[in-house]
Amino acid sequence: MNEKTIVTGVIGADVHAVGNKILAFALEQAGFKVVNLGVMVAQEEYIEAALETNADAILVSSLYGHGEIDCQGLREKCDEAGLKEIPLLAGGNLVVGKQNFEEVEKRFLAMGFTRVYPPGTAVEKSIADLKEILNI
Amino acid sequence: MNEKTIVTGVIGADVHAVGNKILAFALEQAGFKVVNLGVMVAQEEYIEAALETNADAILVSSLYGHGEIDCQGLREKCDEAGLKEIPLLAGGNLVVGKQNFEEVEKRFLAMGFTRVYPPGTAVEKSIADLKEILNI
Amino acid sequence: MEISNKKLSTDAFFAERKEVLGHWHTGKGVDFDEAVAYQRSIPREKRFGLKLAQAAEQNVTLIQPRAGVALYEEHIELLRFLESEGEADLLPTTVDSYTRLNRYNEAETGIEKSKETGRSMLNGFPIVNYGVDICRKVTSSLQNPVQVRHGTPDARLLTEISIAGGFTSYEGGGISYNIPYSKNHSLEKTIAHWQYTDRLVGLYEEAGVSINREPFGPLTGTLISPCISNSVAIIESLLAATQGVKDITVGYGQCGNLIQDVAAIRSLNILTREYLDKFGFNDVRVTTVFHQWMGGFPQDEAKAFGVISWGAAAAVLAKATKVIVKTPHEAMGVPTKEANAAGLRASKQLVSMLKDQDFRSIPAVVAESEIIMKEMRCILEKVEELGKGDFAVGTVAAFEAGVLDVPFAPSRYNAGKVMPARDNVGAVRFLETGNMPFTQDLIDFHRQKLEERARYEKRAVSFQMVIDDVYAIGKGFLVGRPK
Amino acid sequence: MEISNKKLSTDAFFAERKEVLGHWHTGKGVDFDEAVAYQRSIPREKRFGLKLAQAAEQNVTLIQPRAGVALYEEHIELLRFLESEGEADLLPTTVDSYTRLNRYNEAETGIEKSKETGRSMLNGFPIVNYGVDICRKVTSSLQNPVQVRHGTPDARLLTEISIAGGFTSYEGGGISYNIPYSKNHSLEKTIAHWQYTDRLVGLYEEAGVSINREPFGPLTGTLISPCISNSVAIIESLLAATQGVKDITVGYGQCGNLIQDVAAIRSLNILTREYLDKFGFNDVRVTTVFHQWMGGFPQDEAKAFGVISWGAAAAVLAKATKVIVKTPHEAMGVPTKEANAAGLRASKQLVSMLKDQDFRSIPAVVAESEIIMKEMRCILEKVEELGKGDFAVGTVAAFEAGVLDVPFAPSRYNAGKVMPARDNVGAVRFLETGNMPFTQDLIDFHRQKLEERARYEKRAVSFQMVIDDVYAIGKGFLVGRPK
């Protein structure tokens, strides 16, 4: 089996579980091995889980508006931990209030993220992207 | 039979029929002979009907807020027509907007009305008053 | 005056038409053939009947407001607001009171004064005074189909100008726009006037242009038993179909008891179809309209939203084709456009959210609609009998005899012997059946329902119940309980 | 940690109590005997359980908001506003998030900052920090009974201060305030914490003071099948009754399909009574609470009024004893007091207007509730079996085995194998039953319901339906249809 492993979870102090469950379920259905860390996940937890499971990508959600703060430094911590090349994807309501998404995307890409998704993105989109990134 | 006759109707350009029907029905049930002129009744119509039927009282309703204007001069016209002693009762939403009812009552009594009723008065009240006025 | 339920002859119609178009100078602007061509140029998605047919097929409920102001630019702006901000599926043009009474001079003054003051001095849009071209400006400025709603006993000229003006649906009828709206108009006269309207619609049909027609369902809007308003709707449908109308929307005003409300729409739908078929009008399309609560409204806007939402919910559970929406300003008179749009959006939320729920086949609904249909058959068969098969003649005779009797109607041609009251669960029953031709088992049924309430309330069945019911809604209740 | 469903011994309770009251300095202010005397002095009309019992007897539905702010004078003002301008029958005091996590230092900072800035910097009222006397100021300033609502896994000190502070009802439970609210709290721990709370309520009962207890019904609030939340409610009722609680309100969060919603309350009421009786708790009073739509809300206030009104209508048709009311600001976060009162008044209109209508005996409702009860029996019997007759032990084992499984719950002690989806009329069914111990006919029933939807939508039954359902409400629909 050449199953790809994805670590996912809701970052920071966010307890929004519905989208997280939907996402994890959809990823499993799409044939990925999913390590779902659930809600209220610290940056370190993503990294530990990715190391432990030899993960192929990390998918970070945030729905309470503080995602930009919570995601800062994640790429650097990954690098330090030896996850230099691991794809980092982020989506949800990443910032407080309505903001131009292109601006948000630019900031997240600059922070080292591989893909960034606006609110209301269909799950299929992230799955298609993961398949592309991971050459499945 | 010593049945008393009441002329009733909604004065002026007012087409509110529900209260009128309720009132006429209640008066009949209470044993009165009712001459119900319905809606959009002119002052002259009340007087004609009262003369024709040898009525014992006239009960004027108004629900659209112009009752005070519509009722002006009714007592004088009754006097001229030979209905000098006929009791005149008025009720409904007699004036536009919220006004102190005591003021409204004072003005109507000064206009020669025998009894005046505020909005939402129970039908029983007018019936009891009529019985008292007509010594039944 | 003699009337009969026969298609007006072309000669008679055009003779009358000459006179009608002369009632006001804008009548000159109506050219039938040109109007047919204009109507044919209206895109399909803006035709009222087509949009209704599509909704009926998809089993969804469309929403429609009431709205009309004196100045046409503002009227266009208002209707545009209601389709964009209110998400209205169907649009209205409500006509002012002067036009309803054919007082075009006064309507003209109303337009002038509105121009001077910059605000609407009329309670609706004066279609006749504006004439064909301005009506076309209105109807062509909008995304959705537009209907004329009024309350006019003699609406002949109004109909001519409306249809030539691009409206694709027209409310009213010789009974439903007389008995609840007028004191002195005879039924013979208004039925004849509406035969004209319906014949005109028939002529458009024959020319390939279908105009939707809608008898006014709620009548006086207060404690109207479904069998009464449904019977009137069917009679007006038959009269309209006789003149060549092919697209009819029959209506009903919410009573408040959900089972009865759904049953009313169900029975209205079934028997309208049955009667049209019975008289050979198999090709007439039937859809339904549910009117949100027509009685007194709470002053408070939040409470009004509650009443509006409940009306929308009942409409969609009954699978009415459209629902006429109230506004949170209902108790205060003419609403702002924002309040009108808010009532629409609250209704839209519910017609969307509940669209997959259908209460028509619930046993209690079926049982209730069987009763309504039994009552309707008693009435309609008697009307047919009184008219010796002619529903126009029969209707006049039926009102005279109190066989048809609309509670709380101002018309002197209405017997006013019938008295409704709510039963213990808020359904509208009969306290007095007057001369309505009901069988003894129906009379017993109503009596028993009111006795049930009387026992619960520990008082006798009496007229006091009616009084209490009329005043109850002001206190937030359906059933007027003793203190 | 070992737990069992046995009444805590007096020794064990008071030993634990000593520690609990030391968690924050305000614990010192609690004196049980003095608190009993204080509670006894509260007038009858302000006792939560009595008002609920009266409503149940009269078959009416009471309305209750959510509300809580940081500063106590403002909190009193807010609640007074909700009873005068919102016509609330029952009042809440919603506790802030810091208190829910027992972070009293941070709550203190929140109070200070709120004083400085003059506006609430906490999302609720910090009961523990204020202590007994200020709580009494709150509860004694109001005309109506007041309940504490929160979401606290370890609510022991909060309970002590709340009851001594004059609150007469208390929401929560060891399962319902853990699984949907917490990630890492073990069930053993939270069940034990809530045994403490329930034992304390039991001690007050034994001293002649009855405090109403309410397990939290809606759980995660998203696509929760009635059998799951009802089963949790019954288990928490049994656990509470074991500790001496005598007045319980079991709850359910609206799913949106009227038949299912009424059936959910009906089955909850019937089986709670049955299970309490079965275990000898015949003297425990049972009432019900219906939560208006707990899922995503429309941003638009008019549409929100539509959702609120539909919730109130479903509650009253189900004859729930009370309904928890949302506000037109729901989508925007903390509401103004005016918006809160508006939601209440819209709800009041409907609980008044529909109070004489009852949908509990409609055949479709009865049939649906038979299914829910069958499912509940499968679950509850398995829980009892897993615990060898002990519902505390059984609950822990059941969550571990996925026999009890709350969709979309954040807790790591929840299996998360169950997946709900709506059927073709919007009722919540199971796409995946995970390890829930259903009989084959129940599994077939759910499958068949989803197959029916799949046929209508011309697609296969799949997880995509769940995704579509979760996103549907944002577009105004219950059922997520394919594009």
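Predicted model: local features only at pLDDT ≥ 70, side-chain atom pairs only at ≥ 80, totals over all residues.
## Who touches whom

Chains C and D share the most contacts of the three pairs of chains that touch.

Some pairs don't meet at all. Chain A and chain B have no contact between them, and their closest C-alpha atoms lie 44 Å apart. Chain B and chain D also lack any contact, with 20 Å between their closest C-alpha atoms.

On the contact itself, domain 1 of chain C puts in 11 residues and domain 2 of chain C puts in 16 residues.

## What the domain interface is made of

Interface size is often quoted as the accessible area lost when the parts come together. For domain 1 of chain C against domain 2 of chain C, the buried area is about 1,000 Å², and carbon and sulfur atoms give 72% of it. On the domain 1 side of chain C, the residues touching domain 2 of chain C sort into six nonpolar, five polar and no charged.

What about specific pairings? Between domain 1 of chain C and domain 2 of chain C there are zero salt bridges. Polar contacts do turn up across this interface of domain 1 of chain C and domain 2 of chain C: three residue pairs, with both partners at pLDDT 80 or more.

Terms used: Residues numbered from 1 in each chain as written. Chains lettered and ligands numbered in written order. Heavy atoms only, no water. Contact = heavy atoms within 4.5 Å. Buried area = accessible area lost by both parts, 1.4 Å probe. Salt bridge = Lys/Arg side-chain N within 4 Å of Asp/Glu carboxyl O. Polar contact = N/O pair within 3.5 Å; in protein donor to acceptor, adjacent residues only side chain to side chain. Nonpolar A, V, L, I, M, F, W, Y, C, P; charged D, E, K, R; others polar.
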